[in-house]
Amino acid sequence: MDELTFHVPTQVHFGLDILNRAGQIASRLGTRALVAADGVLAEYGVLKTIVGYLKRAGVESILFDELGTRSTSSSIEQGLELCRASRADLIVGVGGLRALSIAKCIARMTHVDAPFDDYLSGPRALSGGESSLPSLEIPTTCRNPFMLSDECMVIDARNRRTSVYRTGKTADAALLDPVLTLTLTERFT
């Protein structure tokens, strides 16, 4: 398989069927993953495939696949609860802009005691003092303007305002697989 790998500082793996290396790459980052994903991906078998790759590489996973077009900051709080309760040491974000933004926020906020809504009311950046969980991004399309950056888009659940936030952390690794886009319907893509 031809593969392209580069680092920007996210280590990016690009290639046809690179998704089959998801477990191998994730296992370098952690052993217990919270998989934050667009819910619609379960219909296409994508999540089952990814969880299978993780399991074969020895990475336990718990699915947080209730994300969709209506997900807001409350989804970040739900994901944080699930992440802490499951003692995840890795976040795997799968999907589009919304799912990857939520996954990025969960990875950044897991070790922070304050609720995420405190940051929504304050500055548009998280301070650099807190530690973050490692993260792996698996975008289903390449139209996310915040991919490979430390920025994300969040919709405030309290007033439905959309804002861009700087998390101070990029994903540790990203898998860009053109085949993944082909498995989805044209409408979803």
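In this predicted model, Cys152 has a relative accessibility of 0% and therefore counts as buried. Cys105, at 1% relative accessibility, likewise counts as buried. The topics below start from these two residues.

**Cysteines**

- The model contains 0 disulfides by the distance rule applied.
- Cys105 takes part in no disulfide, and its nearest cysteine sulfur, which belongs to Cys152, is 3.4 Å away.
- Cys152 is likewise in no disulfide, its nearest cysteine sulfur being that of Cys105 at 3.4 Å.
- Why does this pair not count as a disulfide? A disulfide requires sulfur atoms within 2.5 Å, whereas the sulfur of Cys105 is 3.4 Å from that of Cys152.

**Nonpolar cores**

- The largest nonpolar core has 24 residues, and the members that touch the most others are Leu34, Ile76, Cys83, Ile91, Ile106, Phe116 and Val154.
- Two or more residues of this core come from each of the strands β3 (32-38), β4 (60-67) and β7 (151-155), and from each of the helices α3 (73-86), α4 (97-109) and α5 (116-121).
- Helix α4 supplies the largest share of this core, with 7 residues.
- Phe116 touches Ser73, Ile76, Glu77, Cys105, Met109 and Val154, when residues up to four places away in sequence are not counted.
- Another core, of 22 residues, lies apart from the largest one and includes Ala26, Ala37, Val46 and Leu180.

**Packing of α3 against α4**

- The axes of α3 and α4 are 9 Å apart, and the two helices pack at an angle of about 50 degrees.
- This angle makes α3 oblique to α4.
- The crossing of α3 past α4 is right-handed.
- On the α3 side, the residues that meet α4 are Ser75, Ile76, Gly79, Leu80, Cys83 and Arg84.
- Their partners in α4 are Ile102, Cys105, Ile106 and Met109.
- Ile76 and Ile106, which meet across this pairing in the sense that each belongs to one of the two contacting sets, are also among the core members that touch the most others.

**The chain as a whole**

- The chain comprises 6 helices and 9 strands.
- Of its 189 residues, 49% are buried.
- Among contacts between residues at least 6 apart in sequence, 74% join residues that are at least 24 apart.

Notes. Residues are numbered from 1 along each chain as its sequence is written. This is a predicted model: local features need pLDDT of at least 70, side-chain atom pairs count only at pLDDT 80 or more; totals for chains, interfaces and linings use all residues. Side-chain values use heavy atoms; hydrogens and water are left out. A nonpolar core is a set of buried Ala, Val, Leu, Ile, Met, Phe, Trp, Tyr and Cys residues joined through side-chain atoms within 4.5 Å. Buried means under 20% relative accessible area, exposed over 50%, partly exposed in between (1.4 Å probe, protein chains only). Helices (H or I, at least four residues) and strands (E, at least two) are DSSP runs, numbered from the N terminus. Contact means heavy atoms within 4.5 Å. Axes are lines fitted to C-alpha atoms, for helices over the stretch in contact, and angles run from 0 to 180 degrees between N-to-C directions. Angles under 35 degrees count as roughly parallel, over 145 as roughly antiparallel, 65 to 115 as roughly perpendicular and the rest as oblique. A crossing is left-handed if the near helix is turned anticlockwise from the far one by less than a right angle, and right-handed if clockwise.
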